[in-house]
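Thanks, everyone. Let's get going. Please have a look at the screen.

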Amino acid sequence: MNSIRQVPTRVKSRRVEANLGAEREHFDKQQLSSISKAINSAETPVKEKHARRIILGTHREKGAYTFWSYALGFPLHSSSILCWKFCNVLHKVLRDGHRNVLQDCMRHHGSLVEIGKLWSNLHDRYGQLVALYSKLLCTKMEFHTKHSDIPPNLEVTDEVLERTAGTDINNVFQLTVEVFDYLDTELRLAETVLRQLNTSIAISTLTSGQCRLAPLIQVIQDCSHLYHFTVKLLFKLHACLPADTLQGHRDRFHDQFHSLKTFFNKARDMMYFKRLIQIPKLPDSPPNFLHAASLAKHVKPVVVIPDEEPEQQDDDDDDPEPLIEVSDVSTPSVQAQPQLDIFDKAFGPPNGGFDDRDLQIESLKRDLELLRAELERVKAEAQRYITQLKSQINSLEAELEEQRAQKQRALVENEQLRMELEATRRRNAEHESLQTTFIEAEKRSQATEQRYNKLKEKHTELVASHAELLRKSADTVKMLSATQQTQDEVERTKQQLSFEIDRIKQEADMKLEEQKFEMEKLRRELEEKMAEVTRIKGTLQSSEKASEQVTSSMTALQAEKERLMRSVSEKEAELSSLRQAAQAQQSSLRQEQERSSRELGELQGKLQEKSSQEEQLKQKLLEEQFALLQGTVTEAESIIQDAVAKLDDPLHVRCTSSPDYLISRAEATLGSVDKVKKGHADYLSNMRDAGGLLRALTQFSHLAADTIINGSATAHMAPTDHADRLTENCRGCATESLQFFKDLKSKTTLQRADPASIRIVIQKILHLGQELRPKGSDVRQEELGDLVEKEMAATSAAIEEAVRRIDEMMNQARKDTTGIKLEVNERILFSCTDLMKAIRMLIIASTDLQKEIVEGGRGAATIKEFYARNSRWTEGLISAAKAVGWGATEMVESADKVVLHTGKYEELIVCSHEIAASTAQLVAASKVKADRHSTRLTTLQQASRHVNQMAANVVASTRTGQEHLEEKDTMDFSGMSLIKLRKEEMESQVKVLELESHLENERLRLGELRKKHYELAGVPLEPEGNGVRSPSPAHPGTMSPKPSKPALMKKPALAQKPTIPSKSMFK
């Protein structure tokens, strides 16, 4: 029974799960359908009903997970229109979606940045819009992530804005800059869209134009709120900081105000926006932030979205999503029947029927069938999810394969280039080794030739010695003819000797250098034999006298003959061995010569092949360099043509420029023309290197385009005659530049290309800019530039003089006072000295930061030109420096009076507050143009905080000394009667009322003084020259606070206090 009772609960839970699964499936299907219909490649605007369903889906699932899961599957990198519509839908989701949408979108911040970078590098009209839109969305997400109190739709009250800004003026300053950047991205996108479209009614009613204009509805909503935020924040900044410090903010706000007003007016005239949005009207002039009362005149612009008409449901599958779940309402009625059936199964039907077990079996079978159906549905849903995931995986794998293929192609090209480089290096090495081998072969052939000449010389010597031996042998034959026997013996000996000599003559040609020693030995032996023959001759001559002596001599000659025969046989063996060695050496020499000739032939063939390859590489290099030149020239032509197109652009009419800036651009362009001419000459002399010409052409194209654009902008403010001539010369510059580029693109006209005509036109533009330049501006620039340095130097000198005077007052106080008064005076003077040292460090840090700002911002201009171009900022620095020097001088005077007991402690406290305010003005004036990441700016801020701390120490030491020195009377009223006490009480009340009245009068007087001070500080400066302003002649004495006399009690000669508004924060 327990199991039967549990059946309804299980069936209910399964049915609830089935309902939830079906509901989730329907939600996913509907979201996928809406997203795919809202984001597609068709050039039509996003339908509002699809975007609304996507936004309702984010509220239903409390995030944008489903939106991003489907959106990441779209090919955003291949279709610019699809990516544009994706950014539009994402903008709507951020504005009107659930609050958790911002966190989900920040997870994909990097993907948006990559998409923007990709489309910014492609020359596509929608691609440029996508790059700007992605940057706007990234800026929007970063801003609202940092300031979480402000929602992405920007609909907050003024109290929330005040709480977000806080009370720290630095935070308000930073928030204002961020709002400026936010509004800049919105306006840049709107201006680009309107510039691409013709603002006529026909374009705004076409689907292609509406596709571009649709996102501007959200841009208009954002801009109205951002404009209100900017106005509120700037009024708050002007209430805390001097007007000169915020000059840059006011200029930037004025530019944004005019751009926003132009955008609203153009959008209001378009038919497309009239039925979709009511655009507010901005005032004719921007608010005046210098008057706090103008805040009351400010009216917050309100954008009204009219109620939409019900759209026709043109899609069959676009069923409206139910806003109220009705499944739970019908569940009890559905569940009542299973419970009734199970009750009947447990207790049987009222009229009897089947057995309980049969009913239970039938119910279990039905449950089993339901479970099977549910299982099949779950499997089908899982299969569908698997299919979707597989399709996403396939698309991602396809992209990955494409990336891999591109990477592989890049690697293959890199490897081919590396192999070609290695082959070239190997061929160079082989060529060098072959040359080395050829030189060595030549050296070996020369050595062999030298050895052959030496052998030839030895052979000649042997032939000469052989002839001499023959002559000696003939003489010997004549001497042996005395007797027949002696003659026979001598004849045989002669035959043998002649035979041996013939053999020696045949083998003499083969002998080498080593045979010389042997031949000399043989010659010595022959000489010995000739001596013996001579002796034999004498013996033969004397044989007539004694036959016995002849017989003995013949015996001796026979023995000598045998010895000579043995010696000749030995020499013959030696000569044969020498002959064989000479033959072997000759054969090796012939082989070496043949091998050298073959190597020489191979080297010559390789050398010719290497020469042909070098010629081919040189030709290929020339073609590649010329192709690079053509590509660079084409890009330069597009830059010049874009600059010329801006001359006729109606949006460019409101752009203006100063003649000084035009002159600087024209001078830079003339320099680049010289570089182009030099690069052209270098390229003609060496066409294998076009790097110098390419760099010169790139620089020239940008500078020439800048000159053309600024020339046209300058013509907008010039007289009619000058404007016409300047515009004509700008067009002439573009024409001559394009003709020069055309000559560079063809090999036939490359030689005669000459930028001289461009130089003439640019010189005309430079001359016109000099004519338009206001007269007397050079003198004002020099005065303003020198005045900054003079004021900073004068302020430093004033600080040094103040420190010296404080030291003198310290010595004088030690002489004149003792005890508690000396201790109080020393404490006050020590704190004043520390404050002066801190101010001196602040002046040094401010000077260093000022030099860094000038060096980083002046560019090609001089330092004085930079000061003149930023005159308001320069005057702010001068005013701050004067204020610091004046405050230091006043503090020294007040401290002197306090020590001498002729002044008041309150004067010293007020001077401390004034110095703190002056240093704050100096820091703010320096911070306007400084880099926020500059180390010198950090040093200046630390020095400012140190000055504030030292000023607080002066105030504390002054109040402590005042408390120690002032004697308080003890209030003893014990001896007074009641009437006397009432009388004293009435007198005390009278004095209190008098003091309160005096205090109120002084406060009114202080208010009037401050009002007059503000009026004097806000007097507009007279314009002079190129935007450089000069101070009013009503105050000719506002120079440096340097004292005129170094005497101790002499006050420095100051004309007046610098115009610095007092700050209530120091009270």
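This is a predicted model: local features need pLDDT of at least 70, side-chain atom pairs count only at pLDDT 80 or more; totals for chains, interfaces and linings use all residues.

Start with Ile39. Ile39 sits in a loop. On one side of that loop is helix H1, residues 2-38. On the other is helix H2, residues 48-61. Is Ile39 buried or exposed? Its relative accessibility is 1%. The cut-off for buried is under 20%, so Ile39 counts as buried.

What does Ile39 touch, once residues up to four places away in sequence are set aside? The list reads Phe67, Phe74, Leu82, Lys85, Phe86 and Val89. Take Phe74 from that list. Ile39 and Phe74 are 35 residues apart along the chain. Their C-alpha atoms are 8.6 Å apart.

Next, His238. His238 has 15% relative accessibility, so it counts as buried. Its contacts, again without residues up to four places away in sequence, are Leu246, Arg250, Phe289 and Leu290.

Last, Ser294. Where is Ser294? We are back in a loop, between helix H14, residues 271-274, and helix H15, residues 327-347. Relative accessibility is 14%, and therefore Ser294 is classed as buried. Beyond its neighbours within four places in sequence, Ser294 contacts Phe235 and Asn288.

To recap the locations. Ile39 is in the loop between H1 and H2. Ser294 is in the loop between H14 and H15. Over to you for questions.

Methods: Residues are numbered from 1 along each chain as its sequence is written. Side-chain values use heavy atoms; hydrogens and water are left out. Helices (H or I, at least four residues) and strands (E, at least two) are DSSP runs, numbered from the N terminus. Buried means under 20% relative accessible area, exposed over 50%, partly exposed in between (1.4 Å probe, protein chains only). Contact means heavy atoms within 4.5 Å.
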